[in-house]
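Here's a quick briefing to read alongside the sequence and the 3D view. Keep both open and look up each part as you go.

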Amino acid sequence: MNLTEYDISHPYTAKLVRSERITPEATDEVRHLVLSIDSATFNYLEGQSVGVLVPGPHAFGNAQHFRLYSIANSRQGEQGEFTEISLCVRRCFYIDEVSGEQFPGIASNYLCDALPGDDILICGPYGRQFLPPKDNTCNILMIGVGTGIAPFRAFLKHIYEERKTWKGKVRLFYGARTGMDLLYQNEKNKDLALYYDEGTFKAVEALSPRPVFDDPADLKQSIKENAAEVWELLQDPKTYVYLSGLSRMEAQLDQALSEMAGSEEAWLQTKFELIGQKRWATLFYA
Ligand code: FAD
């Protein structure tokens with residue numbers, strides 16, 4: 001990550017208020033963290049991220065390790081607490097290609113190991129390219145995998161709890177390896193179930209066809225099963241599309257949407273129009 005892209009000159013000291021595991025023990029660990037930031041100058045909008053600075057020294061000689069995390073709550077704070085924000089963090093590991101050894105990812109393990117009362121340095125907020133539309137008659141098509149759900153949790157809280165009367169269609173296509181990995185929609189935490197009764201909201205799940213082989217969630221199939229509605233939404237000039245999570249999801253979507261459009265060229269033309277009209281926003285990570 002290129003640190004020079006981000007202003008880290010004014011970090012805030014946040015205090016961890018609580019940390020809750022939101023996946024069962026039988027699957028990968030993802031935690032919902034609530035941080036308190038007692039500063040009137042820390043203001044953000046749904047879809048923005050914060051940078052976490054992990055103090056060094058680190059193995060590669062860098063004084064600080066910096067990673068981005070999406071804010072998972074709306075602008076009015078986590079559960080209405082104005083000074084609190086939440087993050088949804090997957091504990092990451094990487095395998096050294098030469099030795100085959102497994103190493104913990106620095107920032108994600110630092111956050112997942114943190115205990116209530118610990119101080120955490122955060123910077124930002126960053127990113128203004130992933131904001132929900134202001135007009136409540138707009139349609140919102142959210143497509144995400146894994147912790148990519150975090151900004152959508154923020155969107156839904158804003159739309160249905162703060163704006164209250166959202167008239168456009170709101171659709172969430174969400175992919176996870178298994179039902180246990182459906183964040184905020186599993187036995188550990190059901191936050192998103194709050195919106196299932198909203199007349200304008202519909203959520204569609206996509207799971208991996210072969211979870212034991214670590215195959216990705218089949219977003220392509222769930223989009224195809226809802227092709228008519230998705231295509232109609234994409235043709236509507238009031239529709240805004242948001243993609244969030246691992247970057248490999250984009251290829252799956254391009255395939256599904258190319259089939260709907262009749263050819264890859266036809267889809268790319270529609271996609272470039274959406275991008276040009278600022279109705280296609282992505283928040284990807286490796
Ligand atoms: P790192 O220590 O950086 O390691 C992670 C990767 O770096 C490994 O997989 C490996 O490929 C490589 N690597 C590092 N060191 C080595 C080495 N010595 N040898 C070989 N490979 C190495 N994550 C979330 O969990 N939740 C979010 O909401 C979220 N939001 C994000 C928003 C944005 C805009 C972006 C860009 C990313 C987001 N991420 C999010 C991802 C997050 O920023 C981190 O990339 C992730 O947590 C891993 O960071 P880490 O410090 O734990 O791992």
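Let's start with helix H4 (residues 227-235) and H5, which pack at an angle of about 85° with their axes 11 Å apart. That makes H4 roughly perpendicular to H5 (angles of 65 to 115 degrees count as that, under 35 as roughly parallel, over 145 as roughly antiparallel and the rest as oblique). What you're looking at is a predicted model, where local features need pLDDT of at least 70 and side-chain atom pairs count only at pLDDT 80 or more, while totals for chains, interfaces and linings use all residues. Residues are numbered from 1 along each chain as its sequence is written, and side-chain values use heavy atoms, with hydrogens and water left out.

**Helices packing together**

- Two packed helices are described by the angle between their axes and the distance between the axes. Here, axes are lines fitted to C-alpha atoms, for helices over the stretch in contact, and angles run from 0 to 180 degrees between N-to-C directions.
- Helices and strands are DSSP runs (H or I, at least four residues, for helices; E, at least two, for strands), numbered from the N terminus.
- H4 and H5 pack at that angle of about 85°, and the contact (heavy atoms within 4.5 Å) is made by Ala227, Val230, Trp231 and Leu234 of H4 and Leu257, Met260 and Ala261 of H5.
- By class, the contact of H4 with H5 has seven nonpolar residues, no polar ones and no charged ones. For the classes, Ala, Val, Leu, Ile, Met, Phe, Trp, Tyr, Cys and Pro count as nonpolar, Asp, Glu, Lys and Arg as charged, and the others, Gly among them, as polar.
- Helix H5 (residues 249-261) also packs with helix H6 (residues 264-276), at about 110° and with the axes 7 Å apart, so H5 and H6 are roughly perpendicular to each other.
- On the H5 side, this contact uses Glu250, Asp254, Leu257, Ser258 and Ala261, and on the H6 side Glu264, Ala266, Trp267 and Lys271. That gives four nonpolar, one polar and four charged residues.

**A lysine with several neighbours**

- Lys220 is found in helix H3 (residues 219-225).
- Leaving out residues up to four places away in sequence, Lys220 touches Gln252, Gln255, Ala256 and Glu259.
- With Gln255, Lys220 makes a side-chain to side-chain polar contact of 2.8 Å (a pair of N or O atoms within 3.5 Å; within protein, one must be able to donate a hydrogen and the other to accept it, and residues adjacent in sequence count only if both atoms are side-chain atoms).

**Around the ligand**

- Of the 20 residues around the ligand, His65, Leu68, Tyr69, Ala107 and Ser108 come nearest (near means that a heavy atom of the residue lies within 4 Å).
- An N or O atom in the side chain of Ser108 is 2.6 Å from an oxygen atom of the ligand.
- A backbone N or O atom of Ile106 lies 2.9 Å from a ligand oxygen atom.
- The largest share of the shell around the ligand, five residues, comes from E4.
- The shell has twelve nonpolar, six polar and two charged residues.

- Most residues other than glycine have a negative phi, and most peptide bonds are trans.
- A cis peptide bond joins Gly56 and Pro57, with omega about 5°, and Pro57 is in the loop between strand E3 (49-55) and E4.
- The bond from Gly124 to Pro125 is cis too, with omega near 5°, and Pro125 is in strand E8 (residues 119-126).
- Gln79, in the loop between E4 and E5, has a positive phi, near 45°.
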